[in-house]
Amino acid sequence: MAEAIGVTAGLLGIATFAFETSKAVYDLVISIQKAPQTIRDLKSELLALDPVLSSIHKTVTSDASKFEDIRYPLHQCGMVCFNLRSLIQQCTTHSADGSRSARDWVKMQYKGKTIDGYKGQLASYKATIAIALDLFTLTTSNLTAEAIDGIKKKLDDKISETEPDLEVHIEEITKGLKSLAVKVSAISHDQHSQPDGDSSLLVREGQKRVLEEDQLALEAEKKAIEQSQQACTTARKWLAETTPQLDSGSVHVNFSGASNSGFQLGQNTGFISNLKWGAQP
């Protein structure tokens with residue numbers, strides 16, 4: 001499996017990292033015997049993620065500049081898979097025949113998150129990347145009007161489904177950062193109140209270091225979710241600008257023939273109403 005890389009790496013490297021780590025964690029998942037429901041659900045999420053990461057990897061190879069706006073979600077997607085692999089390895093024992101069996105799944109966490117927590121993150125990043133890919137297709141490909149309408153409809157649905165989840169996610173991150181800040185502050189206060197040479201100072205310093213690492217991880221996650229929200233906003237704005245909107249006022253179209261008869265079509269807020277037939281004066 002690829003080693004973890006930083007978010008400032010080249011976008012193709014990040015896409016490759018995400019693609020390879022997702023495959024590595026999937027291979028690990030399918031090796032687990034008598035997997036609990038949590039792992040079976042994760043397997044389904046990883047299966048759904050694979051074509052999305054495969055597509056972004058191929059697309060970035062030819063045109064990376066169009067996806068700079070999802071650099072953080074793409075990187076975090078890779079990091080989630082990287083962390084998931086570490087967590088699952090902690091939760092399993094390796095048998096002589098190469099298969100794995102479950103240990104204690106409920107209590108196991110890695111970097112403060114459970115398997116279900118990581119699975120929720122994957123779903124958000126997968127949706128963000130899919131939205132970016134759809135927008136790229138719509139703005140760069142030569143498609144029929146029917147194909148464009150179909151992609152637009154699916155894109156609008158994806159945005160509507162993803163935005164509420166991102167909002168909940170950002171709220172959870174904000175709470176987590178506040179909680180960590182309180183804990184770090186408390187440890188710093190204890191350190192200042194302890195006399196020099198106290199053995200507990202080393203313990204406190206280790207605890208503080210772990211908490212600060214968790215803060216950095218949450219900050220990176222927050223940045224990824226914020227970019228995901230912006231990707232949704234950008235796609236929604238593009239849809240609004242390229243989709244004809246019906247006037248909210250009243251539009252009347254008159255048709256008349258040689259016999260001086262015809263009809264008037266009244267339209268209001270997008271719905272046909274007040275259809276009136278009558279002779280023209």
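**A tour of the salt bridges**

A search of the whole structure finds 9 salt bridges. The structure is a predicted model, and the tour below visits some of these contacts in turn.

**First stop.** Select Asp63 and Lys66. Their side chains meet in a salt bridge, with a distance of 3.5 Å from N to O.

**Second stop.** Select Lys153 and Asp157. These two residues form a salt bridge, in which the closest N and O atoms are 2.9 Å apart. Display the helix around them: both belong to helix H5, which covers residues 145–193. Because Asp157 and Lys153 are 4 residues apart in this helix, about one helical turn separates them. Next, show the surface at Asp157.

**Third stop.** Select Arg236 and Glu163. A salt bridge joins their side chains at 3.0 Å, N to O. Which parts of the chain does the pair link? Arg236 lies in helix H6 (residues 200–242) and Glu163 in helix H5, so that distant parts of the chain, 73 residues apart, are linked by the pair. Keep the surface on display for both partners. Arg236 counts as partly exposed at 30% relative accessibility, and Glu163 also counts as partly exposed, at 28%.

**Last stop.** Asp156, Glu163 and Arg236 are linked in a network of salt bridges. The contact between Arg236 and Glu163 from the previous stop, at 3.0 Å, can now be viewed together with Asp156 as part of that network.

Methods
Residues numbered from 1 in each chain as written. Predicted model: local features only at pLDDT ≥ 70, side-chain atom pairs only at ≥ 80, totals over all residues. Heavy atoms only, no water. Salt bridge = Lys/Arg side-chain N within 4 Å of Asp/Glu carboxyl O. Helix = DSSP H or I, 4+ residues; strand = E, 2+ residues; numbered from the N terminus. Buried < 20%, exposed > 50% of the residue type's maximum accessible area, 1.4 Å probe, protein only.
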